[in-house]
Amino acid sequence: MKKLYLFAFGAAYGLLMRVVFGFAPFFHTEYMGAASGPMLTSFVVLVPLVLGIYTVYAARDDAPEYGYAILAPWAPMFAFVGGTALLLIEGSICIVMALPIFMISASLGGLLGLVLIRNVKFKSSSMNALLMLPLLSGYAETHVALPQQISQSTETIHIAARPEVVWGLINHAVDIQPAEMSGGLAYMIGVPYPIEAVTQPGAAGRVRKLRWDKDVRFDEPITAWEENRYIKWTYDFKPDSFPAGALDDHVLIGGRYFDLVDTSYRLQPEAGGTRLDIVVSYRVSTNFNWYAAWWGRVLVDDSANAILRFYKRRSERA
């Protein structure tokens, strides 16, 4: 019965913190240069950390061991994350990306709680104050400017088709099916699938018109063009490029925390076919870039490879 109470309290605490971090003064839109809501380190790291400390502290009379300290905090943590999904507070992309750091922080909190109950006379009043730590830290963090970390992803593939064939597909790919993008992690966790990419003449020059699943639409103004050899573009996201629900707000492309800067393709004749290189520049802006930048690298690299595989299959079939 006691363990059930601990489980319920921990889950309720995590869910309550998520709800509170969704309101002012923790969530705001006016300070666009600072983190907000659940994208605060105070939520991502401190909430599961404190939950882990509490889980072990509340079981102090049972003399918990290291295994309990590491694993027990996961139960209420998974419950509160599941609650955010059931209540439609968080989407699948954010949940998948948050789970690893939540699990690590909760276990670290459990180990810290074990140290406290074994070496310190930790009073209940102190524990209650500790539960408020994420809120105090979060308010201060909302006034800290976000870093602007620019990174590059470079991938390559050999295609058994002439450069002209690959070039034509890069500038005119239509009726793209989900199965053609199979294996891409980003698409598996909820990023909309591409449907078509078509280069068109524009008033300011050539522009690639993109259409994705979930009615996502945006432009890619072309900044460099060498027929059948090299192409580069930037990104132009409009306020309506991503309809509500198309992407989780916290990972919105062109948003506060993540953006695509530019992309280029280089085509070189090789072994009777074409070597196709892709270079993607992107921005990650969080107060926990030590973690978010890793996810950015994983997802951008994976997406780049999925796109290269698409061009290979289509070009070779053509």
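**Rings and pockets: a short tour**

Hi everyone, let's start with a charge and a ring: the charged end of Arg206 sits over the ring of Trp225, at 3.9 Å from the ring's centre. A second example is Arg60, whose charged end sits over the ring of Tyr57, 4.1 Å from the centre. Before I go on, please keep in mind that this is a predicted model.

Now, rings with rings. How many aromatic pairs does the structure hold? The count is 23. Let me pick out Phe21 and Phe43. Their ring centres are 5.4 Å apart and their planes meet at 55°; pairs with planes over 60 degrees apart would count as edge-to-face and those under 30 as stacked, so this pair is tilted. Phe21 is in the loop between helix H1 (2–20) and helix H2 (41–58), while Phe43 is in helix H2, so the pair links distant parts of the chain, 22 residues apart.

Are these two buried or exposed? Phe21 has 0% relative accessibility, so Phe21 counts as buried. Phe43 comes out at 4%, and therefore counts as buried too.

Here is another tilted pair: Phe80 and Phe102, 5.7 Å from centre to centre, with 35° between the planes. Phe80 belongs to helix H4 (residues 74–86) and Phe102 to helix H5 (residues 92–119), so this pair ties together parts that are 22 residues apart in sequence. Both Phe80 and Phe102 are buried. And if you step back, ring pairs link Phe21, Phe26, Phe43, Phe80 and Phe102 into a cluster.

On to the empty spaces. Rolling a probe the size of a water molecule over the atoms shows where empty space is left. The largest pocket has a volume of about 640 Å³. Which residues lie nearest its centre? They are Phe27, Asp248, Asp249, His250 and Tyr257, out of 28 residues that line the largest pocket. That lining divides into 14 nonpolar, 9 polar and 5 charged residues.

The second largest pocket holds about 170 Å³ of space. Its lining includes Glu196, Lys209, Arg211, Asp215 and Arg217. Strand S4 (207–212) and strand S5 (216–226) each supply at least two residues of that lining. By class, the lining of the second largest pocket has 8 charged, 3 nonpolar and 1 polar residue.

Note on methods
Residues numbered from 1 in each chain as written. Predicted model: local features only at pLDDT ≥ 70, side-chain atom pairs only at ≥ 80, totals over all residues. Heavy atoms only, no water. 1 Å grid on protein atoms, 1.4 Å probe; cavity = no way out; pocket = protein on both sides within 12 Å on 5 of 7 lines; lining within 4 Å. Points joined across faces, edges and corners; volume = space filled by probe spheres on them. Nonpolar A, V, L, I, M, F, W, Y, C, P; charged D, E, K, R; others polar. Helix = DSSP H or I, 4+ residues; strand = E, 2+ residues; numbered from the N terminus. Phe/Tyr/Trp six-rings, centres within 6.5 Å; stacked < 30°, edge-to-face > 60°. Buried < 20%, exposed > 50% of the residue type's maximum accessible area, 1.4 Å probe, protein only. Lys NZ or Arg CZ within 6 Å of the ring centre and 35° of its normal.
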